Each structure stands twice: as C-alpha cells, then as structure tokens.
Amino acid sequence: MSAHADIYRYEDEEGIVHFTDAPTDKRFKIFMRDLQKDRLLRTRLKFAASVNPAEYDHIIKTYADKYRVSQSLIKAVIHAESGYNPNAVSPKGASGLMQLMPGTARSLKVGNSFDPRDNVEGGVRYLRFLLDTFRGDVSLAVAAYNAGLSKVAKFGGVPPYAETRTYVNRVLSYMQSYQAE
C-alpha cells in the first residue's frame, strides 16, 4: 500500500532545504501536491498536458474589463509565467497561471493560487497596480512583475538582470502576437 500526501518545503537561512508532509512552520510552502487526494487538481493537470489557452479566455476577459488591463498583456504574462499551466510552481514558490508569490497572493487576498479564477484576478489586480505605479509604462510594470517593485525603483528602470530583461522582451513579444490575433 502506498501513502499519499502533499509535500511542503522551505529553505532556511543556511541554505538547507527542508521537506515535510506535515508543516509545522509558516515558512513551509506547497512543493508537490498529492494528485490522488486532490481530484480537481488532477483534472486540471490533464488540461495542462495538452494546453488549451482558449479555456481561460472568459476569465481573462472578465478581469481585463474589471481592472482595465489589456487582454493581450494578461495572456502574455500567463504565457511567459506558466505556459497556461494552472498547477505550475516555480523553484521560488510562485504558483498558478500568473505565478503569484505566496506573499503577493496573500496581500491580494487570493484564496487559492491554483484556482485559475482566483489566480488571474489577483495577477491582473497586481498588474493594474503596477501599471498605475509606472504611469502605464508596460515595460516597467512587467519588469516589476518579474523582479519586484523595489528593484525597478532601485535601478530607475528595468533592472540590469539578464533574467528580467529576457522576461520583459518575451512578454512584450507575446503581447504583440496576441494583439495581432
């Protein structure tokens, strides 16, 4: 008989990575979900294997209209962040379609980062905040989405990190493609 459980992880100050199936500390974040225990997640995972971005169009349109953010920008961020996989988890702990970090998700009152509706609403609300902060400058908003608001402020523009510069270029390229549809 095999046992099944969600696996949680955190990296401590000394760089030691800890794993558990019974987190006793708030630093533990979900690392791997038990797909047999979570039927809804297992169903979504099948969609992720054969990605169908159109399946999220109605959610994207709803929050694009609500927060006045272009659908092409939202689609570009989702494409770059998760490849439309609602179960994606980054090595740094970001999760869901728009790859929300746990702290960001909490501050945006996202109940479940793996729920596409919750995740997209939180991500679009955050994009709206960043666009407002940078007076509509999409490059700076996207850079802040990737590297953080403080890094963009510190460098007075897109931070000089290869990852962030590549990310901004990728999102802007995807955005152009979605605008052309």
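Contact here means heavy atoms within 4.5 Å, and helices (H or I, at least four residues) and strands (E, at least two) are DSSP runs, numbered from the N terminus. This is a predicted model, in which local features need pLDDT of at least 70, side-chain atom pairs count only at pLDDT 80 or more, and totals for chains, interfaces and linings use all residues. Residues are numbered from 1 along each chain as its sequence is written, and side-chain values use heavy atoms, with hydrogens and water left out.

**Figure 1. Helix H3 and its cover.** The buried residues are Ser72, Leu73, Ile74, Lys75, Ala76, Val77, Ile78, Ala80 and Ser82. Their cover includes H2, helix H5 (116-133), helix H6 (138-147) and helix H8 (162-179). From first C-alpha to last, H3 reaches 16 Å, close to the 16 Å expected at 1.5 Å a residue (1.5 Å times one less than the number of residues). Just after H3, glycine 83 has a positive phi of about 60°.

**Figure 2. Lysine 75 in helix H3.** Lysine 75 lies in H3 (residues 71-82). Its relative accessible area is 11%, so lysine 75 counts as buried. Leaving aside residues up to four places away in sequence, lysine 75 touches Asp57, Ile60, Tyr84, Tyr178 and Glu181.

**Figure 3. The crossing of helices H6 and H8.** The axes of H6 and H8 come within 9 Å and cross at roughly 125°; axes are lines fitted to C-alpha atoms, for helices over the stretch in contact, and angles run from 0 to 180 degrees between N-to-C directions. H6 and H8 are therefore oblique to each other (under 35 degrees is roughly parallel, over 145 roughly antiparallel, 65 to 115 roughly perpendicular and the rest oblique). The contact is made by Val138, Ser139, Val142, Ala143, Tyr145, Asn146 and Ala147 of H6 and Glu163, Thr164, Tyr167, Val168, Val171, Leu172 and Met175 of H8.

**Figure 4. Aspartate 25 in a loop.** Aspartate 25 sits in the loop between strand S2 (17-20) and strand S3 (29-32). With a relative accessible area of 26%, aspartate 25 is partly exposed. The C-alpha atoms of aspartate 25 and tyrosine 10, 15 residues apart along the chain, are separated by 9.3 Å.

**Figure 5. Confidence along the chain.** The chain averages a pLDDT (the predictor's confidence in each residue, from 0 to 100) of 85. Confidence is lowest in helix H1 (residues 39-49), at a mean of 41, and highest in helix H2 (residues 57-67), at 98. Where pLDDT is low, the predicted coordinates should not be read in detail.

Definitions and conventions. Buried < 20%, exposed > 50% of the residue type's maximum accessible area, 1.4 Å probe, protein only.
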